[in-house]
Amino acid sequence: MKKIILLGVLISLFSCKKAIKNEASNLDNNELDSIQFAEPQITDSKEVNSENDLLGYWVGVFEADMNDEQRDSLYKKFGDRFYNDISKKVTFSFDKIKADSIFGHTIVSGNITAFKGTIIFEENAFEIKVKEPNKSKNDGFFMMNVVKNDTLVKGTWSGYSPRELKIPHRKYELHKVKFEYNPDNKIEYTFRDKDKSKLVVFRDTIDGEPEEYDDTTFYSTTEKVFDKNASTTLLTKAFVSNLTKADIYILRNSIFARHGYAFRDRQLRVYFEYFDWYMPVFGDVKEDLSKLEKSNVALLLRYEKNAEEYYDTFGR
């Protein structure tokens, strides 16, 4: 559980959080890989007036730094998979500053990566250089500047192995955000997994004559996904039994999303990053779920396996 101790305007998080890199498929997640990090001390100030104001979570768009011609070329080659990678939501956590050294971790695409770097104190700004551990082809180094009395961290990222990456350079502008769990955060969009589809033959009668036509069906949610909030309402068997597998899948993972779970699954990550309230922070949130949420997850999992996989493009 996340332990929060209030000391005046300073919020100190002294516990260590295990950042488990896995998917929120059920309540018995397997530990695949993990790092340890101390959760940051966070001041209430969103303006950077001192080095302590840097501590905490900074969230923004991790955007490809390339021209239109480069984007078009890669889109033609990789299609939607490249398009979804152009812009990602990133959480940048400054956990500790000691002398001219800065320590923290990044959360992007479900990957939680520890970093260390240096911070240079100038008269009106801070210059920060951060290196990731170079254990993955996706690791690199960050250069950023923070102007005093400003609310933005601006900078660039370059991969250590640019030739191995579709997007070797990125840029970002980050705002300081305090993570707060809110069970009332709502699902506002339908979900469609473009990687899961099948061709189905439909039969109909038109003007008294039988007709057949082909159409593509997708792993998609229906309007019923908006009817219940799985973090505030105890779901019933009668309700869940009438959902598609995608409905169940999104309702279940919406619980984890509200708790700041960093999804590694590309389709889930892209979907939840559309929501302003979603903030990827943690690799494991099992212990943070409420009793009601755990009950709903267990019920949804029981029905998910046998639920209808697809539904037609015209509704069920």
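K176 sits in strand β13, residues 169-176 (strands are DSSP E runs of at least two residues, helices H or I runs of at least four, numbered from the N terminus). The model is predicted: local features need pLDDT of at least 70, side-chain atom pairs count only at pLDDT 80 or more, and totals for chains, interfaces and linings use all residues. Residues are numbered from 1 along each chain as its sequence is written, and side-chain values use heavy atoms, without hydrogens and water.

**K176**
- K176 is buried (under 20% relative accessible area, 1.4 Å probe, protein chains only).
- K176 has no salt bridge (a side-chain nitrogen of Lys or Arg within 4 Å of a carboxyl oxygen of Asp or Glu).
- The K176 side chain does reach backbone oxygens: that of S45 at 3.0 Å and that of L55 at 3.4 Å.
- Beyond its neighbours within four places in sequence, K176 is in contact (heavy atoms within 4.5 Å) with residues including I42, T43, Y57, W58 and T151.

**Helix α1**
- Helix α1 covers residues 68-78.
- At its start, a side-chain oxygen of N67 comes to within 3.2 Å of the backbone nitrogen of E69.

**Cavity**
- The whole structure holds one cavity of 30 Å³ or more (points on a 1 Å grid over the protein atoms alone where a 1.4 Å probe fits but cannot get out).
- The largest cavity has about 40 Å³ of space.
- Its lining (an atom within 4 Å of a point) includes K89, F263, R269, E273 and Y278.

Methods
Buried means under 20% relative accessible area, exposed over 50%, partly exposed in between (1.4 Å probe, protein chains only). Lys and Arg count as positive and Asp and Glu as negative; His and the chain ends are not counted. A polar contact is a pair of N or O atoms within 3.5 Å; within protein, one must be able to donate a hydrogen and the other to accept it, and residues adjacent in sequence count only if both atoms are side-chain atoms. On a 1 Å grid over the protein atoms alone, a cavity is a set of points where a 1.4 Å probe fits but cannot get out, and a pocket is an open set with protein on both sides within 12 Å along at least five of seven lines; lining residues have an atom within 4 Å of a point. Grid points are joined across faces, edges and corners, and a volume is the space filled by probe spheres set on the points.
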